[in-house]
Amino acid sequence: MASFGKLDKDLNLQVYENVEELSNSLAEHVAQLSASAVKDRGAFTVVLSGGSLIKTLGKLCEPPYLHTVDWGNWHVFWVDERVVKKDHPDSNYKLAYDGFLSKVPIPSEKVYAINDTLSAQGAAEDYEFGLKQLVKTGILAMADTNDYPRFDLLLMGMGPDGHCASLFPNHPLVHVKEKWVASITDSPKPPPERITFTLPVIQTAANIFFVANGEGKAEMVAKVFGEELPFGQLPSQSARPTNGKLIWFADKGAASKL
Ligand SMILES: O=C(O)[C@H](O)[C@@H](O)[C@H](O)[C@H](O)COP(=O)(O)O
């Protein structure tokens, strides 16, 4: 698997005084990407994760963005989801709905939640099938250089162990290449049953924004920007675009060990 060299703090990292400033900047960056994707292709394909990320999207739900972003052309996906009902407290869909999606006018048919009646494997296959249908309609772009879809933006968080999506350090799932979406039934972080985009899909994205807040993330952020580790040992380091743009949005706490 390709190695892209060390991450560059000057190019790939933006450090903010506090979460408020981080959220303001994140909103501006997302709004700009949305505007250019809608102008170019008439659609903005944006992928959410769970965790604290959702809170940092709050500024997008306020003026001016609430009124200036072309929400009608957003298409929303999940980089990973827990295999639970949509109204379950563990659901990433519920987290995103309560904290973000219910506050902005994205048409509900453009929000692609998992089928919560299926097993983990069934839900992963169903999600991948759904993505392939969207490729056929032209809503979701394919990469020019490989057989993976190319999302406009992945919004990612990093767990304190360095996982991202539901790709955990050294788990065999980090090496899966033949699928776009995979299932996991032994997630080290509960709940155990999840679906996740595979690393090649993540690496094919046009843009990845990672968000890291607080000193609890500092050690891992330093590792991500440190020595290049073998592929998959630190998924949040491996999760960078081969032909796209990566920005880490960190507050001072998360950047304190760099
Ligand atoms: O389903 C999940 O468990 C989440 O999607 C997960 O991958 C999350 O993004 C990270 O654990 C960071 O979460 P925090 O920002 O809350 O630490």
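Two strands are taken to pair if DSSP finds at least two bridges between them; strands (E, at least two residues) and helices (H or I, at least four) are DSSP runs, numbered from the N terminus. The model is predicted, so to speak of local features a pLDDT of at least 70 is needed, and side-chain atom pairs count only at pLDDT 80 or more, while totals for chains, interfaces and linings use all residues. Residues are numbered from 1 along each chain as its sequence is written.

E8 and strand E9 (residues 194–197) run antiparallel and are joined by 4 bridges, and Ile-184 has Arg-194 in E9 as its bridge partner. Contact between two residues requires C-beta atoms, placed from the backbone, within 7 Å.

A second open sheet has 6 strands, ordered E1-E11-E10-E7-E2-E3 and paired in parallel. Its edge strands, E1 (13–16) and E3 (74–78), each pair on one side only, and the twist from one strand to the next averages 20 degrees. Within this sheet, strand E2 (residues 44–48) runs parallel to strand E7 (residues 153–157), joined to it by 2 bridges; Val-46 stands opposite Leu-153 in E7. Helix H2 (residues 19–41) lies across E1, E2, E3, E7, strand E10 (207–212) and strand E11 (245–251), and runs at about 160 degrees to E11.

The unreviewed UniProt entry places the feature "domain: Glucosamine/galactosamine-6-phosphate isomerase" at residues 19–248; such positions follow the numbering used here, feature names are shortened, and annotations may be inferred rather than shown by experiment. This span is 32% helix and 17% strand, and its end C-alpha atoms lie 13 Å apart.

Finally, the ligand. It is surrounded by 15 residues, the closest being Gly-50, Gly-51, Ser-52, Gly-157 and Gly-159; a residue is near if its C-beta atom, placed from the backbone, lies within 6 Å. By class, the shell holds 4 nonpolar, 8 polar and 3 charged residues, where Ala, Val, Leu, Ile, Met, Phe, Trp, Tyr, Cys and Pro count as nonpolar, Asp, Glu, Lys and Arg as charged, and the others, Gly among them, as polar.

Conventions
Axes fitted to C-alpha atoms, helices over the stretch in contact; angles between N-to-C directions.
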